[in-house]
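Here are some notes to read beside the structure. Please keep the sequence open while going through the points.

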Amino acid sequence: MQSALRTAHAAARRTMATASAKSLTIGLIPADGIGREVIPAARQVLEALPSDVLPARLSFVNLDAGFEHFQKHGVALPEQTLAALKSDCDGALFGAVSSPSHKVAGYSSPIVGLRKQMDLYANVRPVISGAAATASGEKRAIDMLIIRENTECLYIKSEEQFEDAQGKYAVAKRRISEFASRRAGEMAFSMALQRDDMRQLADASERTWTGRPKVTIVHKSNVLSVTDGLWRETVRGVYEGNSEYKGRVDIEEQLVDSMVYRMFREPEAFDVVVAPNMYGDIISDGAAALVGSLGLVPSANVGDSFVVGEPVHGSAPDIAGKNIANPIAAIRSAAMLLERTGYSAAALAIYRAVDKVLAGGQIKTPDLGGKSTTTEVTDAVCKQL
C-alpha cells in the first residue's frame, strides 16, 4: 500500500511537470475583499518572470467564487469554476473568502468545497523570516514548513445539539483515518526532501536551515489515544517503511501544547511540521505572528495532481479597495504553485525578490508599519526580478 502510494505521488509529480513544460494555465479566483487586489498582484509578478527563468507560456483563466458571489447568485462555488479548474488549468490561485461567523442557509465555504472537490488533501504553509521575533524578544532566523492534513479531524463538520435535564449540550465527531494520515505523512517527508533539494540551489549564505531535513509529528495521543494515536502511528509508519526517508530525514514528535510553546520560544528548531487538520490550522496561524503579519504568509492546498495557492490572510473588508493590502502572501503563494508544478528556479527567483524587498525595509504596507501601497510593493518585487 505504502509503495503504491509513493509510486502514485512520483507519477503525479512527473505528470504535473511534464504537462506544464510548454505552457502553464493558472486559474485566478480572487473571491472576496482584498482577494481582488492581491491576486492581480500575484499575476503581475508571474508575468514579470524572465523567460529564461520560467520557460513556459503563461495563460490565466478568471473564475468566480466567494460569499459575495453567493449573495448575488445563490452559490459560493459555481460548477463552472470547478469544471474549468479540472479541464483547463494546471493550478490555481485563490484570494480570500468572507465566510460569515453565523449559519447562513445554503452557504458553505468555497475554499473548503474546493479542497474536497479537487482532493487537495494537504495544506502547506511555509513560515520564513530572516529575523523573527521570539517570545523572549530575541531575533532568530526561521525556515519552517507546516503540513496540515486538509480533509478530516473536527473539520468534517459533523455536529449535533441535544438537550437534557441540565440544559443544552453539543457533540462534535472527529474523524482520523489511516488513509488520510498516510497521505499527509507522505507529503511531509517528500517535501522535506524537496526542500533540501531546493536549498542546494541556493548559496550557503542564503540557507537558514543547515542541518539534515527533519519532520516533527504533532499530536495529543497522551489524551486522545485512539484518534491521535492512529495519526501518530500512521505517520511514523510512513517513515519506518521508506529507506530513503530513514536515510535522509530526521524525525521527532511534539505534543500540540508543547509544540506551540517551543514554536514561540525556539522557532528555528523546526523544519517540517505535520499535524492533523485543526492543530495545523491553529499552529500555522499562530506561526504568522513570528514573522510580523498574516500578509506575509502563503500557503498551498496540494493534491496528487493539482495545487491551489492561497494566502493565509482573510478578506479584510475594512481595508478592501484601499490599495493598502499586503500582496506578499499572495505572491509567495504563486511561487509555491510554481514550485509544485515543476518550476523550482522560477519559484526561487520570486522568493529571492520578495526577500530583497523585505530586507530593504523601505517599501512596507501598513500591516508592517509602513505606508506603501499594494501597487508599490508589487512593482518593487517585479523590479527585483
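1. Charges. The protein has 43 positive and 45 negative charges, and their mean positions are 1 Å apart. Lys and Arg count as positive, Asp and Glu as negative, while His and the chain ends are not counted. Each charge is placed at NZ of Lys, CZ of Arg, CG of Asp or CD of Glu.

2. Basis. This is a predicted model, in which local features need pLDDT of at least 70, side-chain atom pairs count only at pLDDT 80 or more, and totals for chains, interfaces and linings use all residues. Residues are numbered from 1 along each chain as its sequence is written, and side-chain values use heavy atoms, with hydrogens and water left out.

3. Secondary structure. There are 13 helices and 12 strands in the protein (DSSP runs, numbered from the N terminus: H or I of at least four residues for helices, E of at least two for strands).

4. Burial. Buried residues make up 52% of the 385 in the protein; buried means under 20% relative accessible area with a 1.4 Å probe, protein chains only.

5. Main core. The largest nonpolar core has 85 residues, and Leu46, Leu93, Met144, Ile147, Val274, Leu338 and Ile350 touch the most other members. Such a core is a set of buried Ala, Val, Leu, Ile, Met, Phe, Trp, Tyr and Cys residues joined through side-chain atoms within 4.5 Å.

6. In soluble globular proteins, nonpolar side chains tend to be buried together.

7. Extent. The C-alpha trace of the protein spans about 60 × 55 × 45 Å along its principal axes.

Note on methods: Buried means under 20% relative accessible area, exposed over 50%, partly exposed in between (1.4 Å probe, protein chains only).
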